[in-house]
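Please keep the sequence and the structure in view while going through them.

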Amino acid sequence: MANPKIKSSAQTAKKSNVTAGRKPAGKSLYSKADLEEIFRRFSIQRPEPKGELEHVNPFTLVVAVALSAQATDAGVNKATRALFAVADTPQKMLDLGEERIREYIKTIGLYRNKAKNVVALSEKLITDFGGEVPRTREELITLPGVGRKTANVVLSMAFGQATMAVDTHIFRIANRLLLAPGKTPDEVEQRLMKIIPDQYLYHAHHWLILHGRYVCKARKPECERCVIADLCRSPEKTCDIPAPLVELPPQIIGAEAAG
């Protein structure tokens, strides 16, 4: 089997320096055929990708995603397992109270403010939505601590809508790969929604998040493990030969992964 074509660090640095001061073009560098192939490979690698935040219903998903801002999914899961065991509805969360919620989530960054938001969003769900999580983005973003990204995650994971929740991983990949470059998450979201083939759109945000989390990592992309290395247009790329295209083992989410 041929060895991957490895670029020297000097070559990579030189190429990166050339492009460092250049504004990313707003247009994707990939043809329709390239995009079809990229997402076809992701679909083979992970046929049923899943979000990695534990939840038991739409309400606990809203809370988990709101708590995940500036925190890892693993850290949120560790804190919310016990919380959701006693408070899996807005009313139960209100009955628990802000002080006790803080005790459950104190290992999560910004936990004091997040506890306030959990109480406030629970109250608003009861007073404005009959205790049910709304199914539109416009209504979801009226909840305290819920922004566009959180709303998109809930619409996708709880209600099966095709959305693009641009987190740090997707924002990085869209710009690094010159897939859908943009200065803001909203710009990246709009561009990705335009270019991703319709048949792959529902799972696309999970594919991109997982690719960014486990392969195209923030500090150093592991290009030798990348199934789209030959198609990638990133100036940071260090390998031109794609990793073998095989289905990965099923994801282990939450308590099973921790145990």
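1. A definition is required at the outset. A cavity is a set of grid points where a 1.4 Å probe fits but cannot get out, and its volume is the space filled by probe spheres set on those points. In this predicted model, the largest cavity holds about 100 Å³ of space. The count of cavities of 30 Å³ or more comes to one.

2. Which residues lie nearest the centre of the largest cavity? They are Cys216, Pro221, Cys223, Cys226 and Cys232, which belong to a lining of 14 residues.

3. The protein has 13 helices and zero strands.

4. The next point concerns burial and surface. Of the 259 residues, 44% count as buried. The protein exposes about 13600 Å², and 54% of that area is supplied by carbon and sulfur atoms. Among contacts between residues at least 6 apart in sequence, 63% join residues at least 24 apart.

5. Where do the buried residues of helix 2 sit around its axis? The buried residues are Asp34, Leu35, Ile38, Phe39, Arg41, Phe42 and Gln45. They lie on the same side of helix 2, because they cover an arc of only 150° around the axis. Their packing partners are helix 11 and helix 12 (201–214). The face turned away from this buried side carries the exposed residues Lys32 and Ala33.

6. Most residues other than glycine have a negative phi. Leu110, however, has a positive phi, near 60°. Leu110 is found in the loop between helix 6 (98–105) and helix 7 (111–129). Is Leu110 buried or exposed? With a relative accessibility of 51%, Leu110 counts as exposed, because the cut-off for that class is over 50%.

7. Leu178 also has a positive phi, near 55°. Its place is in the loop between helix 10 (168–176) and helix 11 (185–195).

How values were computed. Residues numbered from 1 in each chain as written. Predicted model: local features only at pLDDT ≥ 70, side-chain atom pairs only at ≥ 80, totals over all residues. Heavy atoms only, no water. Helix = DSSP H or I, 4+ residues; strand = E, 2+ residues; numbered from the N terminus. Buried < 20%, exposed > 50% of the residue type's maximum accessible area, 1.4 Å probe, protein only. Contact = heavy atoms within 4.5 Å. Areas by Shrake-Rupley, 256 points an atom, 1.4 Å probe, with all protein chains shown as cover. Arc of directions from axis to C-beta. 1 Å grid on protein atoms, 1.4 Å probe; cavity = no way out; pocket = protein on both sides within 12 Å on 5 of 7 lines; lining within 4 Å.
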